[in-house]
Amino acid sequence: MSELTPAISVKNLNKTFKLPHEKTTSLKGSLINTIRRKKGYEEQVALDDIAFEVKKGEFFGIVGRNGSGKSTLLKLISKIYTPDSGDIRVNGRLTPFIELGVGFNPELSGRDNVFLNGALLGFSRSEMSQMYDEIVSFAELERFMDQKLKNYSSGMQVRLAFSIAIRANSDILVLDEVLAVGDANFQQKCFEYFEKVKKENKTIILVTHDMGMVKRFCDRALLIDRSKVKEIGTPDKISRQYELDNLKAASDDEKISNTTLNNAVELLRVIPRSKLQLPKSDNFTFDIEYKLKKSFSVEIGLALITEGVSVMEHNSRDIQTPSEAGTVHKLTYKIPLHNFTPGAYKISVAIFEKKSLDLFGYNSGVSSFIITGKHEGGLVTTRGSWVK
Amino acid sequence: MNHLVSKKNRTLLRELVRTDFKLRYQGSILGYTWSLLRPLLMFVILYIVFVKFLKIGKGVEHYPVYLLLGIVLWGFFTEMTSQSLGSIVGRGDLIRKIKIPRWIIVISSSVSALINLFLNLIIIVIFIILNKVDLHPSALLLPLSLIELYLFSLGVSFFLAAAYVKFRDISYIWEVVLQAGFYATPILYPLTLVPNITFQKILLLNPIAQAVQGARFNVVTTQTVTSSTLSDNTVYILIPVIITLVTLLIGGLYFKKESKYFAENI
């Protein structure tokens, strides 16, 4: 096998699930359906003509929203599902981690579970015996190995499972978001493991919707949207597209839901006027619309939020804020972007009583936009200089 | 099937069987002792009922051993098929999350049943000694009967395990079939109690009946009615063997075809 042979090559892959209407797992049900010539199921396309290649030694991300088909794709690559049509070629030994600790049995001791799980991952008993001490000490569970697994805390179970999983010595590792669990300390261990396998030049496929992980580890990524490959490209490109898709979807289906209003306010919303994706040389302009049920002196506050941090806040104290009841008022706001780092930003707006500053309603994070460009880290663009 | 011998699969099989065994006697004080104690107690009860009270097998030499051997072999068939039936669905968590050869799961159920069979046979040896049965060299042919029984059970097991994924009725149907099969197979009664030779011949077309009667003939008493004592026709004698092989083939192929979709159907 030459270095140029792709580790995984997928062509024209299709998968459709038959979803039973009511679970017809009985003979009677299936007989009745046959007689009535009724299909007892609905067809749902999970993957539609998927094609991509993963090079040897590549850290490849697969991202997509929930229900986009990424887990199905993962299971097809891992040969857990069988494709309807198409071709999946895997060169080398592949170990999937759809979940940590597959086959763990709560009634068995920690020790027995290690050997069982190891066998499921393809280790022989002698290999397991050799690695056993290492596994146990890495999981920091020396004192607990003869106890039944059901007496372990969930954290202990995950530690044990992970400690076995990282021994997998395959050429290709397929990782689902298994590693999203656990505390910060555990995640740190996972990241160290990622760094290590990345250095070892193993081929890795990571399914995630954490764009931070994609940017940090992946060489390339694939964005899957509604069963189709939407884009394959650099982590930056993919994560931007993914975030953009998410923003659109979020503003489509929950314009109202993140809005909380008290009985004096009828409407409060943000309507972007600029494109949702723009370079930092541009300005982002948007309208704030609101409607009051009764007249009172009003103040509008707004905030720009990125990565959970409010990076800019402003209010309408300096302007005449209209406050008659019954009509929709519109304020337009413009933000020059040159001081912001590229990334996704959300807009929150709130409506206050001017004197008491009592909160009368807010609309948070429903509207958002993306500043494009190369991300250089940090939240501000200001850079210091080296003092000679 | 060609990977059965691969080291990886053997390890996996061993671990699955080991787990099965560990879980079986979970939390019991006597633990593994039960795997010997249970059949022993069962046999004592059967012995009292059938030998002291019912006296069905009066005309049969060493009837207690004759009876127990039949019960043990039938019990093996029941245990293996019933356990295999639910094995794929029962291991659904593995099948949905990891790529292991599906057939290993059925084989591991069958190995568990085989281990129990051998433990039971040990108890039978005790009864053979107690009953002063004269063992002939023909007893060495016992494995032939066991192989026939195992292969037939395996074919049925593969079919049931795969069918149960789609149709959960199978478990109820299978219970009834096993009940019927128990009486349609000469386990409790000597075949000579069946009045009509044609009926006897029909009953012996059943591979389990052939295996059970063959085992009894070779180990316990040559008075046992078998296919070859009823007929000289080689074709007739071979029919149960053919049924066994066909069952294994159909069961295996059906399992292979269905196993591709286990993960999504469970």
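Student: What makes the meeting of the side chains of A:Asp112 and B:Lys22 a salt bridge?

Tutor: A salt bridge is a side-chain nitrogen of Lys or Arg within 4 Å of a carboxyl oxygen of Asp or Glu, and for A:Asp112 and B:Lys22 the N to O distance is 2.8 Å, so the pair qualifies. The count between chain B and chain A is 4 salt bridges. This is a predicted model, in which local features need pLDDT of at least 70, side-chain atom pairs count only at pLDDT 80 or more, and totals for chains, interfaces and linings use all residues. Side-chain values use heavy atoms, with hydrogens and water left out.

Student: Why are H3(B) and H7(B) called roughly parallel?

Tutor: Helix H3 (residues 63–85) and helix H7 (residues 142–166), both of chain B, pack at about 25° with their axes 8 Å apart; angles under 35 degrees count as roughly parallel, and therefore these helices are given that name. Where they meet, H3(B) contributes residues including B:Phe76 and B:Met80, while H7(B) contributes, among them, B:Leu149 and B:Tyr164. By class, this contact has 14 nonpolar, 4 polar and no charged residues.

Student: How many residues of chain B are in contact with chain A, and what is the area buried between them?

Tutor: With contact meaning heavy atoms within 4.5 Å, 32 residues of chain B touch 34 residues of chain A. The buried area, which is the accessible area (1.4 Å probe) lost on putting two parts together, summed over both, is about 2800 Å², and carbon and sulfur atoms give 60% of it. Of the area that chain B buries against chain A, B:Lys97, B:Ile98 and B:Glu264 supply 20%, more than any other three residues.

Methods: Residues are numbered from 1 along each chain as its sequence is written. Chains are lettered from A and ligands numbered from 1 in the order in which they are written. Axes are lines fitted to C-alpha atoms, for helices over the stretch in contact, and angles run from 0 to 180 degrees between N-to-C directions. Helices (H or I, at least four residues) and strands (E, at least two) are DSSP runs, numbered from the N terminus. Angles under 35 degrees count as roughly parallel, over 145 as roughly antiparallel, 65 to 115 as roughly perpendicular and the rest as oblique. Ala, Val, Leu, Ile, Met, Phe, Trp, Tyr, Cys and Pro count as nonpolar, Asp, Glu, Lys and Arg as charged, and the others, Gly among them, as polar.
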